[in-house]
Amino acid sequence: MTKLAVSFLLPVTLILGQTTPPPAAAEAKKTATIEGVVINETTKEPLRRVEVGLRGSGTSGMAVIGNNPNYSAVTDAAGKFRIENIEPGVYRVQNRKAGYVPSRTVQGFSPHWLKLAAAESLKDLRYALLPQAVVTGRVLDDEGEPVQGVTVSCMRPLSRRGFPRMYSGGQAQTNDRGEYRVVGLESGKYYVQANIQRMMLTGAAPVSTTTAGEHKTALLSTYYPNALDSAHATRVEARPGLEISSQDITLRREKVFNVSGTALDVDGSPAKQSIVTLVQDDEVFANEVITGSGVDEKGKFTLGDVRPGRYTLALSREDGQSHRSTQSSITVGDADLTRVLLQLPPTLEAKGMIALEGADKKDFDFKIWVNASPADWSPFGGAGCQAKPDGSFTLSQLTPGRYTVNANIANGYVQSIQVGSEDVFGKEVDAATLAVAGIRIVLRLDAAKVAGSVEIPEDRKAHVNAPTVVFVPADARLRSGGRFMTIELDQTNRFDLQGVRPGDYLAFAFEDFEYGAFEEPEVFAAVESQATKVTLGRNESKELTLKILPWPAQFADRLQ
Amino acid sequence: MAHSRLLRTLAFSLALLPCLAQAPSGARIEGIVVDSISGAPVRRAVVQLRAGNSGPALSVESADYADVTGPDGAFHFERVPPGSYSLSYARSGYLTPHSSTGFSARSFRAAAGESITGLRYGLVPQAIVSGRVIDDEGDSVEGAQVTLIAYRYTAGVRRLAQMSEAGTTNDRGEYRIARVPAGKYLLQASLDRLPPGSALIAAARTPGGPLATYGSTFYPGVTDPARALRVELHAGQELAGTDIPLQRTTMVRVSGRLIGPDGTPMSRAMLMLASAQGRLPTGFGAPSDEAGNFVLKNVRSGSYILNATSNDGRSLSVPLDVGSSDLSGFIAQASPPLPLRGSATVQDAGHGFNLAACGVSMRMADTGATAGTVRPKGDGSFSFESLPQGRYLTDVFCGGMGAYVQSITVGGEEVRGRDFELVAASSGVRIALRTDSATLSGTVETPDGAAVQPQRQGHPSVVLIPADARLLGVETVAPAAVSAKNSFDFAGLRPGEYLAVAFDDIDAAQLQDPEFLAALEPLGTRVNLLPGGTQTVTLKWNAWPAGN
């Protein structure tokens, strides 16, 4: 799960397997029909010319890859749509119209997942879109002249397990008058940054200059209205349908210095195929790369136009399946920083074996992907490998540090991960321990199943249409690594989970739900006591009816 | 005088700083950057020096020295180590013509202790065009690509070509294209890259009935480039309000078969439609199958040229008219190739003139592609074994032998500078050469009568244009470079009247544009070259007419 950073953004269960392609056109199968209306959520008026698309999927609640719908129609002047000749199957409804963004309101609207049976006809579907927010303004240099070709991004921090990450809500380039216009924004508070790095320099006003006898200065990436870091930036609050204009950014011109030095491999030779990146120590923009440079054949690197401040300097080398790196904290003062030495650390190798328990090994394919992910979710480091047919595997070139080990298996589950005498499944473990003690991964195939529905009170039935069901391991240490399983229900109000690791779970059903926020410990703590507890034994199938829960009121602002 | 702000990259500054310290007798270079149209100083222009003959710097970072002009447009460099340099200058809001790097360049040598002053460089202000793209229901169209298209001459063939970066419409349907050189353009809004969620795309997917959808549309709202309006942009002009309402048209299905010139199917060929007017690529295309069959699912009605090329190198190009209903069974077949014979003779004396040293080429009039080149035998006869049927232009080269083409006839009709139709019944080509050609030589001077200096005016060329308007853009004389001594020479010229013009820099494509050539009259000097005569002329130097 080296790439978990991506997968945990999606409301997907990781154990459900691959998305199956939409059903191919079959003959003599009775097709389904849907019809309904799309409205403007703000004005409640019908929306014309909305593209209503159906994107096929294998199972309700699964991520939909790609953008092109399998079926589509355009709403008429009354906001109405009708799609016929739909092959039975599970579909995700995507409503799109230029100038509008998806609505996150579920109450009073139809589910976005539809399970269509043969000859089924769904009428009176009701969807909404929200008018987009727009932020416009100009980017000016220190002499008040417009700057062309600057990328302006509207970004907002969203917290994931305590690690803030920046999400771009939209970006735009300045034109010859220095004007930008960022559209398609959802409501929220955004940092608006003019990024000078991606500026196209051709024929533009001077970016960096040296006045005779003085320090070199350079125009730097600047936050609205005139801030070098997020702490001094003014956030812009975007609201649906609102155009916030005149958000002019005046680029800062500051004294800048060079950071240079030598990058070495573990054996003291110049670090080949490596890059050096400078990351700003900014509270909000934690992992933002300020600048980067390659390493020459003598191991030398130079980063230009760096303003005074504290940074993390990282040397990383991508080499096939391994990614080695080292980091160093530096402080740039009122002078060039030279002779910085970075050296890649020695790497470790951990050998292991996969064992199958409670099933015949003869027909089992051990070509399972095993990986060690950095415990701090750092994008650097980590290793992965595929096990050999005999179950043996080797995680090579592990950078020293803390890791979580996992294996992906489609039809079974990981029973335990033995390192020495300890089971480290869901736990952090030191790379050195892995290397010394070795790894034994025990798999079992007798996974559990859980299916059911959500009980919606009579008086709420007209309002609640698409509950989200969440399964969380009861053992807190097993919750890391994206092991929250979420299922957005379709109009049949049923869920069906297979391949579940036996154990104790907490089950929830929400009408309003935000995956990232739910993972935050304080949000989870607020609802934990209301969970339905369920214990799943080996090969067990359970039927469950869940009560709908309100999203904790004190965290209402965490809903997007 | 501006404060000099020296700007340089780290790599070069490390290398050059010791040189600067040791060479107090370096060169001094100073000058001014002005607006070519108004003559006013241009402030904050970036002027760069790059050592060697490697051309202008690709960016500020790769320049050895850079200065920024002050409010008076002035720049200066001091203590520049002796050597060859390329000087370039640029400013946002101004064009940088004839340069792929975005900087106009001048190259020169700087000697130790030399003071090069009084340099004056002109920048042509950009033109800007802006407007909206809306659909037939009046809604803004987001994500349409608007491009400026102009007729350009390639290999003597006039065709439409994209002349600018695309301006993408925003959520309000607005586009804005900057950095446009002065000229006459067609504006095209294309929908090839519409963002997801565009109902325009969805319209194309609705099943049942003939498909009516939007397609590429030209200003002021027509789908046929022949009916499009040309907008004229002057240097520095901002033309707003050029709105393009998209037209919804019926898309039909076109199917048929591709058959090669030899009568066998063209299997696995790539088929593309170009507009009949201006040969603009349309984006309609499909591959043919093993049997040469093709299907174009959604084609807009209109007049096209169907071009197809198969992997084995066979190609065909036939006209295709698409009406408002499906077209099936269209057979696109290239006619079988034909032979062509001819002879060349030298009209005057011909004392020992070696016709076998000449070359005769047949150039296809519709594409500009050369279909074949042969050398005549000693008796002047020549033959092309197989040429695709079509219209041809005849090119004759007798380079360096002082001969010129007096006439080219096919079936008694004069075709010099004109195309003729090659059909099965075509009679031979007769080429009449003469050796009493004329020569023209001379010198170039600046408007104030001084000699040309490369660091000031670049490397001038002289252009010779036939005075006969019918030959404009058809019969071309290769431009002559002006030597270091400011002289130039043309030899082997056909006697007659010409216009001679000297320029700092030239754009070869424009030299094939009759409209452009006709407009050069006021800049040049008329010369009348007599048979066997030699003439000398002094020409005034001109800046290439980038603006008007």
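These are my notebook entries on a few things I looked up in this predicted model.

**Ground rules**

I number residues from 1 along each chain as its sequence is written, and chains are lettered from A and ligands numbered from 1 in the order in which they are written. For this predicted model, local features need pLDDT of at least 70, side-chain atom pairs count only at pLDDT 80 or more, and totals for chains, interfaces and linings use all residues, while side-chain values use heavy atoms, with hydrogens and water left out.

**Entry 1: chain B as a whole**

I began with chain B and found 4 helices and 42 strands. Both are DSSP runs numbered from the N terminus: helices are H or I with at least four residues, strands are E with at least two. Of its 548 residues, 50% count as buried. Here buried means under 20% relative accessible area, exposed means over 50%, and partly exposed lies in between, with a 1.4 Å probe and protein chains only.

I then looked at contacts, meaning heavy atoms within 4.5 Å. Among those in chain B with a separation of 6 or more, 71% come from residues 24 or more positions apart. Chain B exposes about 23,900 Å², and carbon and sulfur atoms supply 51% of that area. Accessible areas come from the Shrake-Rupley method with a 1.4 Å probe, and for residues only the protein chains shown count as cover.

**Entry 2: a sheet in chain B**

Next I traced an open sheet of 4 strands in chain B, in the order S29-S28-S31-S34, with antiparallel pairing. Two strands pair if DSSP finds at least two bridges between them. The edge strands are S29 (370-374) and S34 (420-422) of chain B, each pairing on one side only. On average, neighbouring strands of this sheet are turned by 35 degrees against each other, direction ignored. For such angles, axes are lines fitted to C-alpha atoms (for helices over the stretch in contact), and angles run from 0 to 180 degrees between N-to-C directions.

I zoomed in on strand S28 (residues 359-364) of chain B, which is joined to S29(B) by 4 bridges. Across from B:Met362 I found B:Gly372 in S29(B).

**Entry 3: the disulfide**

Which cysteines of chain B form a disulfide? I found B:Cys358 and B:Cys398, with sulfur atoms 1.9 Å apart. The rule asks for a pair of cysteine sulfur atoms within 2.5 Å, and by it the count is 1 disulfide over all chains. B:Cys358 sits in the loop between strands S27 (338-346) and S28 of chain B, and B:Cys398 in the loop between S31 (390-397) and S32 (404-410) of chain B, 40 residues apart. The link is right-handed, with 120 degrees about the S-S bond.

Buried or exposed? B:Cys358 is buried, at 2% relative accessibility, and B:Cys398 is buried too, at 10%.

**Entry 4: a strand in chain A**

I moved to strand S5 (residues 89-96) of chain A. It is largely enclosed by the rest of the structure because 7 of its 8 residues are buried. Strand S2 (residues 51-57) of chain A pairs with S5(A) in the antiparallel sense over 7 bridges, and A:Val52 stands opposite A:Asn95 in S5(A). S5(A) also pairs with strand S7 (residues 113-116) of chain A, antiparallel over 4 bridges. There, A:Arg92 has A:Trp113 in S7(A) as its bridge partner.

**Entry 5: a glycine in a loop**

Last, I looked up B:Gly313, in the loop between strands S24 (302-309) and S25 (315-322) of chain B. B:Gly313 counts as exposed, at 55% relative accessibility.
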